[in-house]
Amino acid sequence: MQSRLLLGISVLLASCSVEPPATPMCRVDAAQRESTAGAAACLIKIDKWLITTANRHSEKFDLPGGNAADSETAQCSAHRNTWEQTGFNVEVGAYLGQTETGLRVYDCRLPPAFTAELKSYPVPDWVNAEISAIRLHNPYELEHHDWQRGDELVNVRDWFNQVAN
């Protein structure tokens with residue numbers, strides 16, 4: 001009887017845990033592939049909108065991205081961090097620029113099924129715990145105090161203009 005109870009509790013606990021899916025293979029546009037290493041982020045443009053993540057603690061917005069893992073290229077860092085923060089399996093394209101802190105920013109693409117119809121996406125339960133929201137913004141309607149590192153917003157707007165729809 002006791003073993004059945006323990007088995008039942010184990011099954012119940014296992015079914016309640018949210019296991020993240022396996023990280024997808026790094027997807028990089030073959031014509032844009034580079035070997036540069038380092039922290040990186042994705043600038044994802046949908047029509048005239050920018051995909052942003054909101055930091056759970058500050059509620060300020062940012063591009064999905066972060067530090068590189070061991071021996072990971074910056075493009076694969078952008079891909080992996082975007083997956084971990086949004087659940088989006090992007091294709092990493094052209095290098096757009098670098099922030100003052102050394103974060104490399106890339107033009108990243110979603111499949112055509114993503115449209116600007118939704119202005120907010122649900123944050124999957126398994127994504128990075130620092131993310132509280134995934135939203136589309138017009139980067140020209142954001143103020144410096146809305147952005148995680150306000151001094152980068154001018155660069156983000158310039159990079160946004162470089163990306164074709």
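A residue counts as buried when its relative accessible area is under 20%, as exposed when that area is over 50%, and as partly exposed in between, with a 1.4 Å probe and protein chains only. By this rule H137 is buried, because its relative accessible area is 15%, and of the 165 residues of the protein, 41% count as buried. The structure is a predicted model, in which local features need pLDDT of at least 70 and side-chain atom pairs count only at pLDDT 80 or more, while totals for chains, interfaces and linings use all residues. Residues are numbered from 1 along each chain as its sequence is written, and side-chain values use heavy atoms, with hydrogens and water left out.

**Overall layout**

- The protein has 3 helices and 8 strands, where helices (H or I, at least four residues) and strands (E, at least two) are DSSP runs numbered from the N terminus.
- Read from the N terminus on, these elements follow the order α-β-β-β-β-α-β-β-β-β-α.
- Among contacts in the protein with a separation of 6 or more, 66% are between residues 24 or more positions apart, a contact being heavy atoms within 4.5 Å.

**H137 and its surroundings**

- H137 has its place in strand β8, which covers residues 131-137.
- Although H137 and L50 are 87 residues apart in sequence, they are 5.2 Å apart in space, taken from C-alpha to C-alpha.
- When neighbours within four places in sequence are left aside, H137 is in contact with K48, W49, L50, T52, F61 and L142.
- With T52, the side chain of H137 also forms a side-chain polar contact of 3.0 Å; a polar contact is a pair of N or O atoms within 3.5 Å, and within protein one must be able to donate a hydrogen and the other to accept it, while residues adjacent in sequence count only if both atoms are side-chain atoms.

**The loop between β4 and α2**

- E72 is found in the loop between β4 and α2, the latter being residues 74-86, and E72 counts as buried because its relative accessibility is 14%.
- The side chain of E72 makes a polar contact of 2.9 Å with the side chain of R80, and R80 is also one of the residues that E72 touches, together with A37, G38, N67 and S77, when residues up to four places away in sequence are not counted.
- S71 is found in that loop between β4 and α2 as well, but S71 counts as exposed, at 82% relative accessibility.

**Positive phi angles**

- Most residues other than glycine have a negative phi.
- S71 has a positive phi of about 55° although it is not a glycine.
- E59, likewise a residue other than glycine, has a positive phi near 60°; E59 lies in the loop between β2 and β3 (61-62) and counts as partly exposed, at 42% relative accessibility.

**Helix α3**

- In helix α3, made of residues 153-162, the buried residues are L153, V156, R157, W159 and F160.
- Seen down the axis of α3, these buried residues fall within an arc of 165°, so they line one face of the helix; the arc is that of the directions from the helix axis to the C-beta atoms.
- The buried residues of α3 pack against β1, β2, β5 (91-98) and β6 (104-109), whereas the face turned away from the buried side carries the exposed residues N161 and Q162.

**Pockets**

- On a 1 Å grid over the protein atoms alone, a pocket is an open set of points with protein on both sides within 12 Å along at least five of seven lines, in contrast to a cavity, where a 1.4 Å probe fits but cannot get out, and lining residues have an atom within 4 Å of a point.
- The largest pocket has a volume of about 280 Å³, where grid points are joined across faces, edges and corners and a volume is the space filled by probe spheres set on the points.
- Of the 19 residues that line the largest pocket, D62, L63, G65, Q85 and I131 are the closest to its centre.
- Strand β2 (49-55) and strand β4 (65-66) each supply at least two residues of this lining, and β2 gives the most, with 3 residues.
- The second largest pocket holds about 160 Å³ of space, and the largest share of its lining, 3 residues, comes from strand β1 (residues 40-46).
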